[in-house]
Amino acid sequence: DKIPLSRVRPAAVVTPAMLPWRADRNATGGLLYSGRRQYGWGFGVHARSELSFTLPPHARSFHCLVGLDDSVDTGGCARARIFVGSTRDKPRYQSPLMIGSLKTANSGSVSLASAPNSPRRLVLQVDPVARNHPAGADPLNIRDKFDWLDPQITFDPRGLGAEVRKRIASRIVA
């Protein structure tokens, strides 16, 4: 009832020019390392970015770790936000200010329940904290390479099972 979100292509992406997002790699194409640990799946982005995903009906919660990539060492400064529906709504999760790559933060379980008539959408946003950044932060955001680590969507097991049973016959060629 859990899938790695990095197996799903975002419906919409906002990234800085010439700095693409990457699935299961860091922003420069290397392995995902943050907090001195390697991770098997996730997304590598450069701050200011947004990855938006359309949520299927049986998606119930989201969980991940976040942190600056180890390649930035003690540099870099960014903050992660997780939105459900619209970025105009209050974020469901906001990380502490991440400075350097020594620590990661845990989003905990983020509910994917949305208000009626609002889009079923998950938005992963990274803010470079251009205003009010701490002293010593990179003013040009050059080292703001950020990793979404082990992102997982949890599904309602009954609803997911019903959906699989409904679709499985069409997958068998006979």
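User: Which residue stands opposite K145 in β15?

Analyst: H46 stands opposite K145. The model is predicted, so local features need pLDDT of at least 70 and side-chain atom pairs 80 or more, while totals for chains, interfaces and linings use all residues. Residues are numbered from 1 along each chain as its sequence is written, and side-chain values use heavy atoms, with hydrogens and water left out.

User: What makes β6 and β15 paired strands?

Analyst: A strand is a DSSP run of E with at least two residues, a helix is a run of H or I with at least four, and both are numbered from the N terminus. Two strands pair if DSSP finds at least two bridges between them. Strand β15 (residues 145-155) is joined to β6 by 5 bridges, and the two run antiparallel.

User: How many bridges join β3 to β6?

Analyst: There are 2, joining strand β3 (residues 22-23) to β6 in an antiparallel arrangement. That is enough, because the rule asks for at least two. A23 has F43 as its bridge partner in β6.

User: Why is β6 called mostly covered?

Analyst: Of its 5 residues, 5 are buried. Buried means under 20% relative accessible area, exposed means over 50%, and partly exposed lies in between (1.4 Å probe, protein chains only). G42, G44 and H46 point one way from the strand, F43 and V45 point the other way, and all are buried. In a regular strand the side chains alternate between the two faces of the sheet.

User: How many aromatic pairs are there, and why is the one between F43 and F53 called tilted?

Analyst: The count is 3 aromatic pairs. Rings of Phe, Tyr and Trp (its six-membered ring) pair if their centres lie within 6.5 Å; planes under 30 degrees apart are stacked, over 60 edge-to-face, and the rest tilted. The rings of F43 and F53 have centres 5.6 Å apart, so they pair, and planes at 40 degrees, so the pair is tilted. F43 is in strand β6 (residues 42-46) and F53 in strand β7 (residues 49-54), 10 residues apart. Both are buried, F43 at 0% relative accessibility and F53 at 1%. Ring pairs also link W21 with F43 and F53 into a cluster.

User: What makes R36 and D70 a salt bridge?

Analyst: A salt bridge is a side-chain nitrogen of Lys or Arg within 4 Å of a carboxyl oxygen of Asp or Glu. The N to O distance between R36 and D70 is 3.5 Å, so the pair qualifies. R36 sits in the loop between β4 (32-34) and β5 (37-39), and D70 in the loop between β8 (59-68) and β9 (77-84), 34 residues apart. The structure holds 6 salt bridges.

User: Buried or exposed: how are D70 and R36 classed?

Analyst: D70 has a relative accessible area of 17% and is therefore buried. R36, at 47%, counts as partly exposed.

User: Which parts does the salt bridge between R36 and D73 tie together?

Analyst: The closest N and O atoms of R36 and D73 are 3.2 Å apart. R36 lies in the loop between β4 and β5 and D73 in the loop between β8 and β9, so the pair ties together parts 37 residues apart in sequence. D73 is partly exposed at 38%.

User: What is the distance in the salt bridge of E50 and R48?

Analyst: The closest N and O atoms of E50 and R48 are 3.5 Å apart. E50 is buried at 15%, whereas R48 is partly exposed at 39%. Salt bridges that share partners join R36, D70 and D73 into one network.

User: Where does α1 bend?

Analyst: The bend is at R165, by about 30 degrees. A bend is the angle between axes fitted to the seven residues ending at a residue and the seven starting there. Among the buried residues of α1 are G159, G161 and E163.
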